[in-house]
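Below is a note for a colleague who is opening this structure for the first time. Please keep the sequence and the 3D view at hand while reading the points.

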Amino acid sequence: MYLKRVRKRVPANLSSLSIKHLVPIKSFCSTTKGQSVVSERRGPVFTVAINRPEVRNAVNQKTARYLLGELEAFEREPALNVAVLHGIGGNFCAGYDLKELANHTDSLKLEQDVTKGPGPMGPSRLQLSKPLIAAVSGFAVAGGLELALLADLRVVEESAIMGVFCRRFGVPLIDGGTVRLPRLIGLSRALDLILTGRPIGAQEALAYGLANRVVPDGQGLQAALQLAEQISSFPQECMRADRSSAIYSCYDAASFTQAMQYEIDHGVPVILSEAVAGATQFTTGTGRGGTFS
């Protein structure tokens, strides 16, 4: 499960997600007390929420374990296609709970072999075989930014703030921040954020490619769910093969040739399992003209 990868691609038409048609939804489990992580199934879509609004959804050890458990459960369940990670109470995640770090140093046991156990934030070492979307509101900083980087796509509300705020406290990025951020936005921009710890707003994050969508405040979760449902409606074996190949070529392939070989090796089996049926649908008029309805 740890550092065992399967991959990514999102159809171009998803960039035209219409926010004006979204309607407010009830916050999932927003009244749940005593649970630092809550989840809900919505058909093939699985939502996971950090529920510590009193500390801006900072993650302590217990919360990290719960987050890991929920995403591992998502990975194992064949009926679930896409997960959405979000925070309850107006913030995505303010990082690791520094009060716990300051007061309970002895209890913080870190597995340094990344192939054998979870990261401090919980699921940060997972490499899921299915898409994960982060619905980012409020603060997504330090370890919270690293959790957002774990996702395939980030839907970011207009007033959200992202950044490596742990820079000012001497807390290192050890949940994949120095690995994923440069791959997503390039080394120069990543170093700008990593070295300075400065805040970055939604529009700058969009220009960098750190945000995939920017939506009005209060609509991040709804937009992420709509996106998840659309991705979930596509033929899943093909989508996962393309996703897997894209991530492999970015992180693991030693050469262009190796990446191309991986692509065809994992794509060819899909021809018989899904592509022939899809081609038959196309010949009857489905999807012509670029429509996805």
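This is a predicted model: local features need pLDDT of at least 70, side-chain atom pairs count only at pLDDT 80 or more; totals for chains, interfaces and linings use all residues.

1. Helix H4, which covers residues 177–185, packs against helix H5, residues 187–196, at an angle of about 135°, and their axes lie 7 Å apart. The two helices are therefore oblique to each other, and H4 passes H5 in a right-handed crossing.

2. On the H4 side of this packing, the residues are Thr178, Leu181, Pro182 and Ile185, and they meet Leu187, Arg189, Ala190, Leu193 and Ile194 of H5. Sorted by class, the contact of H4 with H5 holds 7 nonpolar residues, 1 polar and 1 charged.

3. H4 also has H3 as a partner: the axes of H3 and H4 come within 10 Å and cross at roughly 55°, which makes H3 oblique to H4. Glu146, Leu149 and Leu150 of H3 make this contact with Gly177, Arg180, Leu181 and Leu184 of H4, and by class the residues involved are 4 nonpolar, 1 polar and 2 charged. Here H3 passes H4 in a left-handed crossing.

4. The second largest pocket holds about 460 Å³ of space. Its lining is made up of 24 residues, and those nearest the centre of the pocket are Ala94, Gly95, Tyr96, Leu98 and Ala142.

5. Which elements each supply at least two residues of the lining of the second largest pocket? They are helix H2 (98–103), strand E5 (139–141) and helix H3 (143–150). By class, the lining of this pocket divides into 18 nonpolar, 2 polar and 4 charged residues.

Technical notes. Residues are numbered from 1 along each chain as its sequence is written. Side-chain values use heavy atoms; hydrogens and water are left out. Axes are lines fitted to C-alpha atoms, for helices over the stretch in contact, and angles run from 0 to 180 degrees between N-to-C directions. Helices (H or I, at least four residues) and strands (E, at least two) are DSSP runs, numbered from the N terminus. Angles under 35 degrees count as roughly parallel, over 145 as roughly antiparallel, 65 to 115 as roughly perpendicular and the rest as oblique. A crossing is left-handed if the near helix is turned anticlockwise from the far one by less than a right angle, and right-handed if clockwise. Contact means heavy atoms within 4.5 Å. Ala, Val, Leu, Ile, Met, Phe, Trp, Tyr, Cys and Pro count as nonpolar, Asp, Glu, Lys and Arg as charged, and the others, Gly among them, as polar. On a 1 Å grid over the protein atoms alone, a cavity is a set of points where a 1.4 Å probe fits but cannot get out, and a pocket is an open set with protein on both sides within 12 Å along at least five of seven lines; lining residues have an atom within 4 Å of a point. Grid points are joined across faces, edges and corners, and a volume is the space filled by probe spheres set on the points.
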